[in-house]
Amino acid sequence: MTTPATSSGDTILVIGAGGQLGLELTHELRRLYGASNVVAADVRQPQDAELTQAGPFELLDVLDQARLTEVMRRYKPAQVYHLAALLSATAEQQPKFGWRLNMDGLFNVLDASVELGVRQVYWPSSIAVFGPDTPRENTPQLTTMNPNTVYGISKLAGEQWGEWYFRRHGLDIRSLRYPGLIGYKSLPGGGTTDYAVDIYHKAVAGEAFECFLKEDTYLPMMYMPDALKATLDLMHAPAESLTVRSSYNLGAMSFSPAEIVASIRRHYPDFQVSYRPDQRQQIADSWPASIDDTPARRDWNWQPDFDLDKMTDDMLLHLKQMQP
Ligand code: AKB
């Protein structure tokens, strides 16, 4: 990881701190910059007591612009990480709310950041910006997009608005197109790639797993430590080295359900798995199978540390330790 670019004493605000990425990112930012300098905010009281007790915590609905502005005026953050969103599968169930949260939430953060002179904003995009017309293998940074999910449309629109705020207002907004994220510290909610988290929990619990995707469905994935490293490295990179202001493609590994099962069976040879594809299969089929992340590697030296078996070994080790 490169040296932190934030000066000591600066405040950082993480919106959506109770989510899968938010939780781990907040802990990591507090470790790097001091717990009292990192304000965690979420629409719900998080389960993780450390998040609310180790440093400042605010209950915050990002759609409530007055409250957002009040929180931001009070803490005067130099950096804002805006992670609150509805993921792909949930947004298909609640399309209007998904659109509102993902877009209006972003506008509220961008406008308050411009108004209050925030130095840097981080906002996550996703492989969901690509669609069925996109080349599936080694999907390049610039290509046909045409996403066909509410989540993907909102992420693509968000990327373009981010670029507009950068050009029009000089807002230093940075973004990554995450693949499916896998970690042991919290469960994701409502994503198409989430099977790859649940499967480890079932293996360790000694239970059978029913997969909602077909066994040969390849998707780009990433282990959480790599996602944290990428996010912080991007935020610490000198502005002049960044050539992408929409959102960077980010790759690490690509595997199918059959391959993750094989990786887990190295530890649990009797692990039982069945396949019952549901509506999430269509979403997965519209996304890339693998990602070309050349601009991220070139501009800020991106390189992942984890492949499938290394991730499996680490996930299973930690989940076993966490068992009651
Ligand atoms: C989802 O599956 O919706 C997310 C994503 C790939 O952005 N994990």
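Mentor: Begin with one contact. Glu259, Ile260, Ser263 and Ile264 in H9 meet Leu308, Asp309 and Thr312 in H12. Contact means that C-beta atoms, placed from the backbone, lie within 7 Å. The contact of H9 with H12 involves three nonpolar, two polar and two charged residues. Here Ala, Val, Leu, Ile, Met, Phe, Trp, Tyr, Cys and Pro count as nonpolar, Asp, Glu, Lys and Arg as charged, and the others, Gly among them, as polar.

Trainee: What should I know about the model and its labels?

Mentor: This model is predicted: local features need pLDDT of at least 70, side-chain atom pairs count only at pLDDT 80 or more, and totals for chains, interfaces and linings use all residues. Residues are numbered from 1 along each chain as its sequence is written. Helices (H or I, at least four residues) and strands (E, at least two) are DSSP runs, numbered from the N terminus.

Trainee: How do I describe two packed helices?

Mentor: Two packed helices are described by the angle between their axes and the distance between the axes. Axes are lines fitted to C-alpha atoms, for helices over the stretch in contact, and angles run from 0 to 180 degrees between N-to-C directions. Take H9 (residues 257-265) and H12 (residues 308-322). Their axes come within 9 Å and cross at roughly 55 degrees.

Trainee: Which word describes how H9 and H12 lie to each other?

Mentor: They are oblique to each other. Angles under 35 degrees count as roughly parallel, over 145 as roughly antiparallel, 65 to 115 as roughly perpendicular and the rest as oblique. The crossing of H9 with H12 is right-handed. A crossing is right-handed if the near helix is turned clockwise from the far one by less than a right angle, and left-handed if anticlockwise.

Trainee: How does H7 cross H12?

Mentor: The axes of H7 (residues 195-205) and H12 come within 10 Å and cross at roughly 55 degrees. H7 is therefore oblique to H12. H7 also passes H12 in a right-handed crossing. In H7, Tyr200, His201, Ala203 and Val204 meet Met315, Leu316, Leu319 and Lys320 of H12. That contact divides into six nonpolar residues, one polar and one charged.

Trainee: How many residues of H1 are buried?

Mentor: H1 has 11 of its 14 residues buried, so it is mostly covered. Buried means 20 or more other C-beta atoms within 10 Å of the residue's own, exposed means 12 or fewer, and partly exposed is in between; C-beta atoms are placed from the backbone. Leu21, Leu25 and Tyr33 are among the buried residues of H1. The partners of these buried residues include strand E1 (12-15) and helix H8 (224-236).

Trainee: What span does H6 reach?

Mentor: H6 (residues 150-169) has 20 residues and reaches 27 Å from its first C-alpha to its last, close to the 28 Å expected. The expected span is 1.5 Å times one less than the number of residues. Buried residues of H6 include Tyr151, Ile153 and Tyr165.

Trainee: What about phi?

Mentor: Most residues other than glycine have a negative phi, and most peptide bonds are trans. Asn146, in the loop between E6 and H6, has a positive phi near 45 degrees. Asn301 is not a glycine either, and its phi is positive, about 60 degrees.

Trainee: Is Asn301 buried or exposed?

Mentor: Asn301 is exposed, with 11 other C-beta atoms within 10 Å. Asn146 has 15, so it is partly exposed.

How values were computed
Contact = placed C-beta atoms within 7 Å.
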